[in-house]
Amino acid sequence: MGLILMLCPAVFGQGIQDSEPASTSAPKHYELVNGRWFDGREFQETTFYTVDGRLTKTKPAVVDERIDLKGGYAVPPFGEAHNHNVEGPWDLDAVAMRYLRDGVFYVKNPNSIREFTSQIAGRVNKPSSIDVVFANAGLTASGGHPAPLYEHMLREARYRAVIGEVPSGWFNDRGYVVIDSPEDLQRKWSRVAEGKPDFIKVFLVHSEDLVSRQHGDRSHGRRGLDPELVPSIVARAHQARLRVAAHVETAGDFRLALSAGVDEIVHVPGWMLEPADQDTAMMLTDEDARLAAKAGVIVTTTTVAMKPAEGGHGRHAPHHDPHGAHSHGGHAFSMDAAVWQRATAVQSHNIRMLHRHGVTLAIGSDHAETSLAEAVHLHELGIFDNLTLLKLWCEATPRSIFPHRKIGSLTDGYEASFLVLRDNPIERFEAVMQIDYRMKQGHTVTVGKSEPWTH
């Protein structure tokens, strides 16, 4: 296939904006009976109708079909606030099906290749598939993360099998954009904007080590943007009405992101911990959390991003695809078990603190097959009660991905998108894995097997 797949359709620049996906056919008017509907606090027995793909309690003049929900528990669909597996045409159908099967309708990819994004633009963001937003290539420094990842590992281990051979350096300005100076930002910004990203990604990696590096002292090997450039990048993005999401690894990165005015922080510090790292450098303070809440920043959890392979990303996903994008069976993206235990303690501390101060949290897994693995792991950690965790996954996370759409609630005027669970997830959170029916924008969603409903 070589470069043919990546460079075929000259449709570069067709970004996917935060708009309501168009349907290829008008949805039917449904009457939804015998359901227990989540109202944000508990489940209420009521009857809803769907009209033009939206929920209403007002019966329309014509009802096309009646669906008996058989006492099931209806909740808004779930979200995935950080993952890179919705990527290109080679495995899109399988990836989308996994998400739909797990009840995850909304996905955010915070680093992608825009040529690949343009090739799948017509196959996502519609009722029969998942809804996705893309950042395209993130901004970093020379040699900064994720440049070595793309050039020295993914180029061979990931992309060779699906797009063929590509030369060294091909991912520069595709998988990442190098910004080392104000002049770089000025010169390269038009190319970044030309791709019509849904948001901008910046990489902050051990930014507190910059002084050590400048003085020739030993510092952490990983790096990201020069901290002095970040406020200018954020200002330029905001001028273009684009939100900014920051990759962070340390508490220092978190503070830099806040001071620069980013809108989202796509990791909780502690998600990436190397054996020589100091845990204290990852710990957030009450003041950090207070400032994050005041700024209205959204923080994505990603607690399973580096989970050891033996307990790994496929643990809660029996349909795990070892060839999935950025997965590799969990081997390339996993910690030593002992380091993982340390990291889990740091992340739990940070997430509890952020939640206590009212910071908006979103659920994202980074490398798992879907965000189900992240939600289940958060449940296992005991950080949240079942109601809070459910609300984070089905309310806060979808709204963080598509803030201008009427999703994340089952109420009049909102999109007719919901899942019907067999049991009550507030009483037993594992019920989120027993989905008996799915509707998206007024259309029944099938996942490869017949649905058990009589119409």
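Modeller: The account below begins with the cavity, moves to the salt bridges and ends with the sheet. Please bear in mind throughout that this is a predicted model.

A search of the whole structure finds four cavities of 30 Å³ or more. The largest cavity has a volume of about 100 Å³. Its lining consists of R114, E115, N136, A137, D173, R174, V177, R191, V192 and G195. Sorted by class, five of these lining residues are charged, three are nonpolar and two are polar. Two helices, α3 (114-120) and α5 (182-194), each supply at least two residues of this lining.

One of the lining residues, R114, also takes part in a salt bridge: its side chain meets that of E194, with 3.0 Å from N to O. Since E194 lies in helix α5 and R114 in helix α3, the pair ties together parts that are 80 residues apart in sequence. The two partners can also be described by their accessibility. R114 has a relative accessibility of 9% and counts as buried, whereas E194 is partly exposed, with a relative accessible area of 46%.

Another of them joins E151 to R155, with the closest N and O atoms 4.0 Å apart. Both residues lie in helix α4 (residues 147-163), where they are four residues apart, about one turn of the helix. E151 is buried, with a relative accessible area of 8%, and R155, at 17% relative accessibility, counts as buried too. E151 and R155 are also members of a network of salt bridges that links them with E156, R160 and E165.

A further salt bridge is formed by the side chains of R405 and E415, at 2.9 Å from N to O. R405 and E415 both lie in the loop between α12 (386-401) and β16 (418-421), so the pair ties together parts that are 10 residues apart in sequence. Both R405 and E415 are buried.

The sheet may now be taken in turn. In general, the strands of a sheet pair through backbone hydrogen bonds, either parallel or antiparallel. Here, an open sheet of three strands has the order β6-β7-β8, and its pairing is parallel. β6 (78-80) and β8 (131-134) are the edge strands, each of which pairs on one side only. On average, neighbouring strands of this sheet are turned by 15° against each other, direction ignored.

The pairing can be followed from strand to strand. β6 pairs with β7 (residues 104-109) in the parallel sense over three bridges, and the bridge partner of G79 in β7 is Y106. β7 is in turn joined to β8 by four bridges, and these two strands run parallel. There, N109 has F134 in β8 as its bridge partner. Within β8, D131 and V133 point one way, while V132 and F134 point the other way. All four of these β8 residues are buried.

How values were computed. Residues are numbered from 1 along each chain as its sequence is written. This is a predicted model: local features need pLDDT of at least 70, side-chain atom pairs count only at pLDDT 80 or more; totals for chains, interfaces and linings use all residues. Side-chain values use heavy atoms; hydrogens and water are left out. On a 1 Å grid over the protein atoms alone, a cavity is a set of points where a 1.4 Å probe fits but cannot get out, and a pocket is an open set with protein on both sides within 12 Å along at least five of seven lines; lining residues have an atom within 4 Å of a point. Grid points are joined across faces, edges and corners, and a volume is the space filled by probe spheres set on the points. Ala, Val, Leu, Ile, Met, Phe, Trp, Tyr, Cys and Pro count as nonpolar, Asp, Glu, Lys and Arg as charged, and the others, Gly among them, as polar. Buried means under 20% relative accessible area, exposed over 50%, partly exposed in between (1.4 Å probe, protein chains only). Two strands pair if DSSP finds at least two bridges between them. Axes are lines fitted to C-alpha atoms, for helices over the stretch in contact, and angles run from 0 to 180 degrees between N-to-C directions.
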